[in-house]
Structure formats: C-alpha cells, structure tokens
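These are my notes from going through one model.

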Amino acid sequence: MPTIVDIKNLRKSYDGGFEALKGVNLEIQEGEILALLGPNGAGKTTLISTICGITTPTDGTVSVGGHDIITGYRAARSMIGLVPQEINLEPFEKVINTVRFSRGLFGKPKDEAALERILRQLSLWDKKDSQIRALSGGMKRRVLIAKALAHDPRVLFLDEPTAGVDVELRKDMWEIVADLKADGVTIILTTHYIEEAEAIADRVGVIAHGALLLVEDKAKLMARMGKKQLEVQLSKPIMALPKALQSDALTLSEDGTTLIYTYDTKAERTGITKLLADVSKAGLVLTDVMTRQSSLEDIFVDLVQEDAA
C-alpha cells in the first residue's frame, strides 16, 4: 500500500528544553488502522496535533498525501479529519447545522446527500434536528466524528475517541471504525484501552517519553514478543516449589494453588512434557491444565518498563 502520511525526524521542543517529540520517524500506509499506544504524557496528542497543523514542529518534516504540512498546509489539512479528545461543541446548535458548518469551513460545496450519508452511518440521522445539549456523551462523540468526516478526508485521527464512554458504545465505535476503513479511510487511533488496539488495529505503534519505541504489524508483534503460559492447577495448595521443580520458567501463584510455566511456542521443545512428568514425580496432584497467550497489554507494559529502565 502507498504511504499517505510520511513523518521524518519530527521534533517538538518547548521553552525550558522539554522535548515532547524526539525525532519521530513513521510511515502510515493508505487504508490501514494504526493504533498509537503510550502512557499519559508520552507524546501521542502532540504528534497528532503537529500532523494536523495545530502545533508547529521544531524540526523535521511531515507530508500528508504528498503535501507538506507547512508549505502545503491547505492541501494537507483538507485531507485530514480530526476527532479531538475533548468534547467541544456549541450546545445550542442543531446536529445537522454543526456538521454542515464543518463542511463549509473547508470550502466544500453544499451536499445534503453526503451529510445524510455520514449521519446515517453514525446513527445520528434521527437526531439531526436535536440540539447538541440534548445528546448523551456518546452521541456527542459521534457528532465529533461526523464533523471530522464532513469534508470527506482520507486520513482520520481519533484521539482517545472512547474515553469515558460505556463498553457497549465502545463496541459500536469499533464497528464505525471498521466501516470507515472499508470505505478506504486511513485511521490513526490513540487509546488507553489496549483491547481496542488488539481488536481493530492493523499495526501498533508504542510511544513513550516522546520517542517511538516500535511500529509493527499487530499479529507479528504478538507472535514475536508474546509469550504463552501453561497454568497447572493443583488439588492442594503448596507453600513453595519443590526443589526439583525450581526454574526461571516456573512460578507459583500467591495462593499456592497454581503452577505457571512460561514457554516459547516456536521452540523445538516446549518442555511441557518434562514439566508434567516432574510434577507427578514430586507427588503433586493436578486438577486442571490450561494455556494463556500473552495479550497486547502485556507486551505494551513490558516495552514501556524497558524504556523507563
């Protein structure tokens, strides 16, 4: 897929010497969903704000659809839709007028059919004549997305789009994002809900302290860095591991009822057969055995902790 957003050596510094972005390099492919993960203050919002022209970079270049965000600002910005983290809408305005106004800001010709399509896609059509103040928090977030899509952008930035909404509405938002991708829209998502990235992203980027630690295909990342665990439940709790079972790969749960064995699924031998034989030799009786694949959250926590060390 061609590159639609190209970021080279992007830096952002503030008075006093604080570096919010430290030489970020990133190519975002057309039509993909990229999830940016990072703790508070990592630089996620600063990166998005810079690409969208809200913040001026200290150094480096960014182009969107081949248009530089500084020298070709209007062309670059016309390709971008931004859904900010904070809800900032005129409370007494109608939904349809709010979206219509956003389309006009980009000089787009009047197109009521296009507005209807967007509002229907976001389940807002029956609310089109409602004032913003009458909507729920989740519906207001949908209005933000409608505003961002009003001028037909090819790149959509979602900055914590499901912050503060309930689980059911978050799932609805995931479906909306999937529909947008099917329409060919490139989506960059920042989120604190790592399960969102795991559910919908094609690639995952991890950012911490203003530096991009990695960007990788989600499935490949989990296969490369994910670990698998075998959990052996014992019939009776034990105080400590028998000497014959002590190893770096095996731990005992705090309540003494479960042996947790971590192994590499790609290794020639996993060691599971030997482990179960050793458990039997030690006189331990097991009641159940199960496996668990490490999640994207486990990988994210490990990466951020490594960067902080």
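**Entry 1: the cavity**

I began with the helices behind the largest cavity: α6 (167–182) and α7 (194–200) each supply at least two residues of its lining. Of these helices, α6 gives the most to the lining, with three residues. Helices (H or I, at least four residues) and strands (E, at least two) are DSSP runs, numbered from the N terminus.

I note here that the model is predicted, so local features need pLDDT of at least 70 and side-chain atom pairs count only at pLDDT 80 or more, while totals for chains, interfaces and linings use all residues. Residues are numbered from 1 along each chain as its sequence is written, and side-chain values use heavy atoms, with hydrogens and water left out.

I searched the whole structure and found one cavity of 30 Å³ or more. The space in the largest cavity is about 50 Å³. For the terms, I worked on a 1 Å grid over the protein atoms alone: a cavity is a set of points where a 1.4 Å probe fits but cannot get out, a pocket is an open set with protein on both sides within 12 Å along at least five of seven lines, and lining residues have an atom within 4 Å of a point. Grid points are joined across faces, edges and corners, and a volume is the space filled by probe spheres set on the points.

I listed the lining of the largest cavity as I145, L158, P161, T162, M173, W174, V177, L189, E196 and I200. By class I get eight nonpolar, one polar and one charged. Ala, Val, Leu, Ile, Met, Phe, Trp, Tyr, Cys and Pro count as nonpolar, Asp, Glu, Lys and Arg as charged, and the others, Gly among them, as polar.

I put the largest pocket at about 440 Å³. It is lined by 20 residues, and the closest to its centre are R77, L82, P84, S102 and K147. Which elements supply at least two residues each to this lining? I find β6 (80–83), α3 (95–105) and α5 (137–149). Helix α3 gives the most, with four residues. The classes are 10 nonpolar, five polar and five charged.

The second largest pocket has a volume of about 170 Å³. I count 13 lining residues there, with G41, A42, G43, K44 and T45 the closest to the centre. Helix α1 (residues 44–51) provides the largest share of this lining, three residues. The lining has three nonpolar, seven polar and three charged residues.

I looked up R141, which lies in helix α5. R141 is buried yet has no salt bridge, and the nearest side chain of opposite charge, E86, is 6.4 Å away. Buried means under 20% relative accessible area, exposed over 50%, and partly exposed in between (1.4 Å probe, protein chains only). A salt bridge is a side-chain nitrogen of Lys or Arg within 4 Å of a carboxyl oxygen of Asp or Glu. On charge, Lys and Arg count as positive and Asp and Glu as negative, with His and the chain ends not counted. I also found a polar atom of the R141 side chain 3.3 Å from the backbone oxygen of Q85.

Is G38 buried or exposed? G38 counts as buried because its relative accessibility is 4%. I place G38 in the loop between β3 (33–37) and α1. The C-alpha atoms of G38 and L213 are 9.8 Å apart, although 175 residues separate them along the chain.

**Entry 2: salt bridges**

My search of the whole structure gave 10 salt bridges. I checked several of them.

- E116 pairs with R120, with the closest N and O atoms 2.8 Å apart. These two are four residues apart in helix α4 (residues 112–121), so about one helical turn separates them. E116 is partly exposed at 27%, and R120 is partly exposed at 49%.
- E19 pairs with R11, with the closest N and O atoms 3.5 Å apart. E19 counts as partly exposed at 29%, and R11 as partly exposed at 30%.
- D129 and K128 meet in a salt bridge at 3.9 Å, N to O. D129 is partly exposed at 47%, and K128 is partly exposed at 24%.
- R103, R117 and D152 are linked in a network of salt bridges.

Conventions:
A polar contact is a pair of N or O atoms within 3.5 Å; within protein, one must be able to donate a hydrogen and the other to accept it, and residues adjacent in sequence count only if both atoms are side-chain atoms.
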